[in-house]
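User: Please take a close look at one part of this model, the place where the two chains meet. Then follow up with whatever else in the backbone and side chains deserves a check.

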Amino acid sequence: MRRDPGSDGAERVSTPLLEVQGLRKAYPGVVANDDVSFSARRGEVHALLGENGAGKSTLVKTVYGLLRPDDGRMKLDGQVYAPGSPHDARQAGVAMVFQHFSLFEALDVAENVALGMEVPPPMRELATRIRDVSETYGLPLDPNRVVGTLSAGERQRVEIIRCLLQEPQVLIMDEPTSVLTPQEVAILFETLKRLRTEGKLILYISHKLEEIRALCDWATILRHGKVTGSCDPRQKSARELAETMVGSELALPAARTQDPGKVALSIAGLTAVSGAAFGTELKDIFLEVRRGEILGIGGVAGNGQDELLAVLSGESRSAPDSILLGDLPIGSFGPNERRALGVLAAPEERLGHATAPDMNLIENAALSGRRRMRMVSRGFVNWGKARAHAEHVIEQFDVRVPGAGSVARSLSGGNLQKFVIGREILQQPDVLVVNQPTWGLDAAAAAAIRQSLLDLASQGAAVIVISQDLDELMEISTRFSALNEGRLSKPRDTAELTLEEIGLMLGGAHDLEIGQGSSRPDRAAEPGETVP
Amino acid sequence: MIRLERRPAPSRAWAWATPLLAVLATMVAGGLLFAFLGKDPLLVIRTIFWDPILGEFAFYYRGQLLVKAGPLILIAIGLSLGFRAGVWNIGAEGQYIMGAICGAAVGLAFYPLDARWLIFPMMVLAGGLGGCLWAMIPGILRTRFNTNEILVSLLLVYVAEQILAWMALGPLRSPDGAGFPGSRNLRHYDAAANHELIAGSGMHWGVVAAFIAVILGHVLLSRHILGFNIRLAGASPRAARFAGVNPGFLVLTCLGVSGALAGFAGFFEVAGPAGQINIDFNVGYGFTAIIVAFLGRLHPVGILLAGFLMALTYIGGEAAQATLGVPAAAIQAFQGMLLFFLLALDVTTNYRVRIDVRARA
């Protein structure tokens with residue numbers, strides 16, 4: 001006999017809408033789901049909790065028909081449910097909002113929704129329906145807005161409304177709040193609560209434990225592909241949840257260091273046009289970071305984060321004296337000249353920017369460590385040193401891989417991020433710039449990375465953390481600044497700020513700026529025009 | 001339903017198995033082609049792949065093997081560096097021609113001075129320089145004006161062919177040639193000739209250069225920071241910029257090196273097996289080397305083996321033309337098939353083919 005899916009199920013009386021029994025899915029070398037069973041009722045927000053690689057994504061992809069299980073079965077509303085494709089799943093009333101949106105920026109909201117439909121109604125009717133749904137569920141959205149002009153939160157609303165138009169019974173949400181401001185999160189939660197009262201089931205994947213405690217009625221916890229527990233998250237503390245998830249005691253970051261030292265790096269009045277299409281121009285940036293402090297730079301992605309990192313890493317050059325390292329002008333220096341001077345960086349995109357996906361970890365260690373770790377002599381690479389560096393990172397940062405010879409893209413997001421951050425930290429930087437250091441990481445990995453950043457600062461390095469995760473910035477940064485549409489706000493001591501104030505600085509400012517006319521014009525993007 | 005599923009890591013086994021499978025698939029498809037032409041497919045395949053090495057007249061063909069493989073390998077090694085970095089030099093044929101013209105011109109300028117220690121090395125350098133400069137044209141145009149190096153390098157082949165014809169009919173035409181096109185025969189000018197080093201083996205300085213290129217190419221790619229940068233830029237351009245690689249420098253280096261190697265190949269050919277600058281000097285080594293580079297997995301050792309295989313199809317193809325009356329175009333189609341099948345089968349390196357037996361609901 002199989003294990004009873006919900007051991008505490010007796011307390012939950014009504015019949016389950018979705019039942020999953022003994023689900024198994026194996027990939028070469030790893031069992032992503034192993035005998036996974038759970039059940040979820042109507043009118044429930046059901047959290048799926050787990051570390052990276054715990055098997056949450058595999059599980060919901062199976063439910064959504066993107067993957068077929070090797071073994072096990074599912075029931076939807078008492079009927080056998082075995083979707084062969086997302087199409088089957090949608091027919092059966094299962095919809096999913098992905099972490100990454102699939103929207104066309106140059107089309108408007110209604111057109112994007114129509115593209116996802118099999119038999120779209122006439123545009124005018126569709127626009128009316130979108131307006132109806134958006135009003136019913138408290139998701140403000142104008143069907144005629146061009147998607148390119150929408151914020152991340154508004155884009156997510158397009159995806160949600162697209163799902164809701166199918167009138168699903170089950171709505172799957174994969175990390176929905178990772179790109180949202182606190183205000184947008186509040187709106188989303190209201191919508192989800194309204195859906196719950198209508199008797200819909202919401203499968204909710206998130207790493208943010210506080211969120212799950214605030215929103216979810218029930219949680220199924222996964223570890224290494226197996227269900228390790230289920231509980232009512234409102235009855236547990238975030239710490240208890242995290243420990244069930246991780247299976248070990250959480251290392252909470254230690255207290256931040258006091259008394260920042262001398263200014264290590266400063267930017268004065270830098271303006272830089274982005275090299276990328278759809279990039280954001282940096283406008284008149286002033287920035288100072290001191291030894292021993294962490295400068296947190298908040299902001300929703302796409303507001304100049306990538307550009308700021310490129311300017312600091314040396315991938316984008318600028319006027320020599322626009323960036324000063326101490327008194328030394330380094331604006332015109334390339335990445336390796338800056339590395340030699342102790343200015344290191346870890347970009348956001350782990351695969352394809354911070355690492356070359358098809359190269360192994362030894363080669364990827366040489367990617368950024370060649371200069372500072374003296375891996376090259378007379379033009380020849382000392383692969384022994386590169387391997388030693390890679391193995392040192394793997395060991396010190398608990399990167400779980402078969403060995404340093406594994407290619408980067410075979411690592412899970414969390415493990416690769418630990419490698420990327422560790423690769424820079426173990427080069428003992430004087431200034432370290434990181435962009436989204438814990439994006440998409442589980443609690444344990446994120447805590448480990450934050451701790452290592454704090455340690456680095458306490459050893460006297462200047463650290464700049466660019467992040468969308470405000471809780472993270474509140475936790476680790478000494479001073480806080482916000483990047484919005486390429487402008488950097490004046491930094492303030494983090495201790496003085498509340499989360500709400502920061503939220504207004506970042507996201508609220510978007511809506512406020514519409515009235516000023518220039519920044520977010522409500523019109524179609526013309527060809528060749530850059531949409532922010 | 002047949003699906004392709006991305007592998008978590010590229011398969012090493014498939015990376016090396018696909019060239020072999022591609023050769024087999026080419027034999028099958030080529031056999032069909034020859035059968036439609038009314039030839040006995042088995043006999044043609046045997047004539048191409050077996051007779052040149054182990055047949056009755058193998059003693060003649062074996063020497064030809066090195067003669068043909070030498071330039072193919074030398075050019076392909078250069079091309080592979082660029083291909084690895086995402087720099088697509090398709091015009092090696094033109095660089096080969098320009099190398100031959102420059103090398104030969106230097107030698108002919110000294111005629112009939114007898115100072116091999118001076119003249120031959122100068123010719124080698126001139127050959128390499130000619131190919132290198134010709135390849136720098138697409139390089140500079142790309143780095144300066146962002147033009148497409150594929151188109152520019154390819155079109156420069158036809159320009160080079162026109163220059164070749166002009167040289168053969170004009171400036172380099174032999175004064176003792178009774179008005180016929182073509183330069184003096186360098187093989188008859190000892191100070192400039194690229195003779196066989198061991199009689200009957202086909203081994204000449206160009207083949208030596210090819211072997212050296214294989215070794216240096218291997219060392220460059222596996223040990224040198226430039227080789228690492230080349231691989232990095234090809235694998236992930238954005239990561240390469242993060243690593244501090246200057247893309248423009250890499251474009252010029254790759255085009256320069258591949259052009260120089262093609263130029264060397266052209267010079268060794270004109271001073272050795274071909275003997276003279278003439279209208280029909282180039283026979284497509286520069287293009288075939290592209291196939292060789294990919295067939296050899298852009299890996300120096302692979303290219304060495306692939307070079308011999310392609311040389312075999314050249315020699316065997318000529319034998320099949322001569323003895324069985326197979327049209328020359330059929331042989332070229334046969335070589336083209338090899339690249340076609342290789343690229344098609346390459347999918348298996350990064351993807352797993354899944355066949356679903358389950359009936360669609």
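Analyst: Buried means under 20% relative accessible area, exposed over 50%, and partly exposed in between (1.4 Å probe, protein chains only). The model is predicted: local features need pLDDT of at least 70 and side-chain atom pairs pLDDT 80 or more, while totals for chains, interfaces and linings use all residues. Residues are numbered from 1 along each chain as written, chains are lettered from A and ligands numbered from 1 in written order, and side-chain values use heavy atoms, without hydrogens or water.

Start with the interface. On chain A, 35 residues are in contact (heavy atoms within 4.5 Å) with 27 residues of chain B. The two chains bury about 2600 Å² between them (accessible area lost on being put together, 1.4 Å probe, summed over both), and 57% of that is on carbon and sulfur atoms.

One salt bridge crosses from chain A to chain B (Lys or Arg side-chain nitrogen within 4 Å of an Asp or Glu carboxyl oxygen). Its partners are Glu363(A) and Arg231(B), with closest N and O atoms 2.5 Å apart.

Which elements supply the chain A side? At least two residues each come from α10 (335-340), α11 (361-369), β18 (380-381) and α13 (413-425). Such elements are DSSP runs numbered from the N terminus: helices (H or I) of at least four residues, strands (E) of at least two. The top contributor is α11(A), with four residues. By type, the chain A side has 15 nonpolar, eight polar and 12 charged residues. Here Asp, Glu, Lys and Arg are charged; Ala, Val, Leu, Ile, Met, Phe, Trp, Tyr, Cys and Pro are nonpolar; the others, Gly among them, are polar.

Now zoom in on α11(A). Nine of its nine residues are buried, so the helix is largely enclosed by the rest of the structure. Glu363(A), the salt-bridge residue, is among these buried residues. The packing partners come from both chains: α10, α12 (383-396) and α13 of chain A, plus α9 (225-235) and α10 (237-242) of chain B. Asn360(A) caps the N-terminal end of the helix. Its side-chain oxygen lies 3.0 Å from the backbone nitrogen of Ile362(A).

Next, the backbone checks. Most residues other than glycine have a negative phi, and most peptide bonds are trans. Glu175(A) has a positive phi of about 45°. This residue sits in the loop between β7 (170-174) and α6 (182-197) of chain A and is buried, at 9% relative accessible area. Gln436(A) also has a positive phi, near 50°. Its loop runs between β19 (431-435) and α14 (443-458) of chain A, and the residue is buried at 3%. In chain B, the peptide bond from Tyr111(B) to Pro112(B) is cis, with omega near 0°. Pro112(B) lies in the loop between α5 (92-110) and α6 (116-145) of that chain.

Terms used. Polar contact = N/O pair within 3.5 Å; in protein donor to acceptor, adjacent residues only side chain to side chain.
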